Amino acid sequence: MESVRAVGGKITGIIELIKFEHSIFALPFAMMTLFMVYGGTPELTKTCWIVVAMVSARSASMCFNRIVDYTYDLKNPRTSERPLQSGKVSGIEAWIFTVVMSVIFLASAWMLNGLAFGLAFAVLPVLLGYSFLKRFTVFSHLILGVSLGLSPMGVWVAVTETVSLVSVLLCLGVTFWVAGFDVFYALQDVEFDKKEGLSSIPARFGVEKSLSIAVVFHILTMGMFVAAGALGGMGAVYYLGLAVIAAFLAYEHRTVRARGLEKINMAFFTVNGIVSILFFMFSALDIYVRK
């Protein structure tokens with residue numbers, strides 16, 4: 001019984017460590033792309049391998065980030081009780097999990113097609129390398145965006161063995177969307193980042209300029225999604241969805257400006273989780289309406 005509890009505790013610790021619930025940010029965009037490529041309901045086996053690839057890639061990336069940032073997270077009062085810092089998950093366990101997830105990602109890419117497998121070896125360093133960038137450049141927010149934005153391109157490659165302009169535009173849309181809300185998230189650690197010499201946008205440019213940069217990122221997000229819809233032949237329901245999403249993003253910006261750090265978690269998780277789900281729902285509905 002004790003061993004079962006111990007295993008359950010480790011699983012819970014790993015799930016907490018990698019923030020598994022944050023998979024909601026990228027997965028709906030990948031699924032939307034899948035529906036777009038198929039023009040309707042996608043093939044089941046292909047879909048399953050794509051989901052495995054996405055979840056394993058994100059899990060490897062997140063766990064590696066926690067390993068690399070161990071010292072910073074231990075110093076930061078906001079993160080000092082995370083599973084690695086508290087001992088719920090050991091360093092060795094985190095490394096094993098990262099390696100296993102990386103192997104599963106490569107294996108699932110191999111199951112999709114040759115091009116996906118080859119490109120997976122280029123994608124993995126991007127997913128893992130992001131963890132070091134905050135030490136050197138304010139562009140770390142955009143690289144994090146790219147790591148999630150690659151999901152639509154990966155889906156396109158997985159199904160068609162090609163990279164289309166539509167998938168590139170979707171990638172850029174997700175990239176700027178993630179970068180925008182990651183700027184919000186970094187507002188929580190402005191003083192800590194300055195003290196430790198970390199290069200977040202808020203630490204470099206201050207709160208007011210950072211909020212304006214986030215606005216620019218999200219305007220670019222909407223522009224990329226509009227262009228992707230036009231090039232991909234999407235219809236009125238899709239654009240209605242974009243209008244609703246724009247309203248949620250505007251609400252997010254207004255709330256953070258008015259309430260500051262008090263509403264960061266709401267802006268980061270709740271609103272952006274809704275945005276990703278709405279994007280999928282309206283896109284899929286548009287595809288079925290036009291069939």
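Trainee: Where does Glu161 lie?

Mentor: Glu161 sits in the loop between α8 and α9. Helices (H or I, at least four residues) and strands (E, at least two) are DSSP runs, numbered from the N terminus. This is a predicted model, in which local features need pLDDT of at least 70 and side-chain atom pairs count only at pLDDT 80 or more, while totals for chains, interfaces and linings use all residues. Residues are numbered from 1 along each chain as its sequence is written, and side-chain values use heavy atoms, with hydrogens and water left out.

Trainee: What is the phi of Glu161, and is the residue a glycine or not a glycine?

Mentor: Glu161 is not a glycine, yet its phi is positive, at about 60°.

Trainee: Does Glu161 count as buried, exposed or partly exposed?

Mentor: Start with the scale: buried means under 20% relative accessible area, exposed over 50%, and partly exposed in between (1.4 Å probe, protein chains only). Glu161 counts as partly exposed because its relative accessibility is 45%. Thr162 is placed in the loop between α8 and α9 as well, and its 39% makes it partly exposed.

Trainee: Which residues does Thr162 touch, leaving out those up to four places away in sequence?

Mentor: Contact means heavy atoms within 4.5 Å. With that sequence limit, Thr162 touches Leu115, Trp156 and Val157. As for distance, Thr162 and Met31 are 131 residues apart along the chain, and their C-alpha atoms are separated by 17 Å.

Trainee: How should I read other loop residues, and where is Ser80 found?

Mentor: Ser80 is in the loop between α4 (70-75) and α5 (83-86). Ser80 counts as buried because its relative accessibility is 19%.

Leu187 belongs to the loop between α9 and α10 (190-196), and at 10% relative accessibility it is buried. Leu187 and Val256 are 69 residues apart in sequence, with 9.9 Å between their C-alpha atoms.

Trainee: Is Glu208 buried or exposed?

Mentor: Glu208, in helix α12, is exposed, as its relative accessible area is 53%. The C-alpha atoms of Glu208 and Ala246 are 21 Å apart, with the two residues 38 apart along the chain.

Trainee: Which members of the largest nonpolar core touch the most other members?

Mentor: A nonpolar core is a set of buried Ala, Val, Leu, Ile, Met, Phe, Trp, Tyr and Cys residues joined through side-chain atoms within 4.5 Å. The largest one here has 55 residues, and Ile50, Trp177, Phe225, Tyr238, Ile245 and Phe279 touch the most other members. Helices that each supply at least two of its residues include α3 (44-68), α8 (140-160), α9 (165-186), α12 (207-231) and α13 (236-259). The largest share of this core, 11 residues, is from α9.

Trainee: What is Tyr238 in contact with, leaving aside neighbours within four places in sequence?

Mentor: The contacts of Tyr238 are Met32, Phe225, Ala228, Gly229, Phe279, Phe282, Ser283 and Asp286. There is also a second, separate core of 11 residues, among them Phe105, Leu106, Leu127 and Leu128.

Trainee: How many helices and strands does the protein have?

Mentor: The protein has 14 helices and zero strands. Its radius of gyration is 19 Å, close to the 19 Å that the globule rule gives for 291 residues, so the protein is as compact as a globular protein of that length. That radius is taken over C-alpha atoms, and the rule is 2.2 Å times the number of residues to the power 0.38. Along its principal axes the C-alpha trace spans about 55 × 45 × 35 Å.

Trainee: What share of the residues count as buried?

Mentor: Of the 291 residues, 51% are buried. Among contacts between residues at least 6 apart in sequence, 74% join residues at least 24 apart.
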